[in-house]
Amino acid sequence: MDSEKGKLFLIPTTLGDNEPLEVLPLSVKKIIGELDFFIVENEKTARRFIKQITPRKSQSSLTIFKLDKYADQLEVRTYLDVCLQGVSVGLLSEAGVPAIADPGAEIVKLAHEKGIKVIPLVGPSSIVLAMMASGLNGQNFAFNGYLPISTSERKAAIKYLERLSKEKNQSQIFIETPYRNEKMLADLKSTLTPTAKLCIACDITLQTEYIRTLEIKDWKKEYPNLHKRPTIFIIHKG
């Protein structure tokens, strides 16, 4: 690997509206202070975060490459060209850590193709934090992203994940679009067997954080308000 190339820093952000240095190490502040090139999903929120964590940094000095669903894929492949000229770049997640349930994975893949060193920085991952706090099998777990939107397909996926959990003794993690959380919970209650365990972890690291693991028969008596709150679901069938 060419030592004269710039590096790609994977820069975590907060999971919600809290003070960055409550959940991020000082190394994140240091690296942001040293960089002028960033790849981000949303320029407005990225600039606000950068200003919040390094208030003295000149916003006019920043070069922002956008990585959203409208980004031209041929243009995206040029985002790391500055690294080939010895300039390092920061990849910022919209929330949490880059490249995990995040489009930044595409940039990390590109960095490896170009022989650019990738440096992940420590920060909050809602998936890992939820697993840590669940009391379920932290030795064997799988992240499944989003389940299908169609009710029948989603219920079939839930049954499949429960069966997989039992066969492999493997905790199954997934997420949902926040405004559909309560529909997801209703489907989990009606589809999973009474003794299956379900962990619900929402607003992780925030003042409103809620993390609880119960069997489905007990969840049927509980009605947490999950509407529009970022939530991780974990099921385990022993």
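Mentor: Start with Glu-176. Is it buried or exposed? Glu-176 counts as buried because its relative accessibility is 5%, and buried means under 20% relative accessible area (exposed is over 50%, partly exposed in between; 1.4 Å probe, protein chains only).

Ground rules first. This is a predicted model, where local features need pLDDT of at least 70, side-chain atom pairs count only at pLDDT 80 or more, and totals for chains, interfaces and linings use all residues. Numbering runs from 1 along each chain as its sequence is written, and side-chain values use heavy atoms, with hydrogens and water left out.

Glu-176 sits in the loop between strand 7 and helix 8 (181–191). Helices (H or I, at least four residues) and strands (E, at least two) are DSSP runs, numbered from the N terminus. The side chains of Glu-176 and Arg-180 are joined by a polar contact of 3.5 Å. That term is a pair of N or O atoms within 3.5 Å; within protein, one must be able to donate a hydrogen and the other to accept it, and residues adjacent in sequence count only if both atoms are side-chain atoms. Set aside neighbours within four places in sequence, and Glu-176 is in contact (heavy atoms within 4.5 Å) with Tyr-146, Arg-154, Asn-181, Met-184, Thr-231 and Phe-233.

Two strands pair if DSSP finds at least two bridges between them.

Strand 8 (197–202) and strand 9 pair in the antiparallel sense over 6 bridges. Lys-197 stands opposite Glu-215 in strand 9.

Now the helices on this sheet.

For contrast, move to strand 4 (89–92). Both its faces are covered: Val-89 and Leu-91 are buried on one side, Gly-90 and Leu-92 on the other. In a regular strand, side chains alternate between the two faces of the sheet. Strand 1 (8–11) pairs with strand 4 in the parallel sense over 4 bridges, and Leu-10 stands opposite Leu-91. Strand 2 also pairs with strand 4 in the parallel sense, over 2 bridges. There Phe-38 stands opposite Gly-90.

Helix 3 (43–53) belongs to this region. Its Ala-46, Phe-49, Ile-50 and Ile-53 are buried. They cover an arc of only 100° around the axis, so they are on the same side of helix 3; the arc is that of the directions from the helix axis to the C-beta atoms. The cover over the buried residues of helix 3 includes helix 1 (20–23), helix 2 (26–34), strand 2 (37–40) and strand 4.
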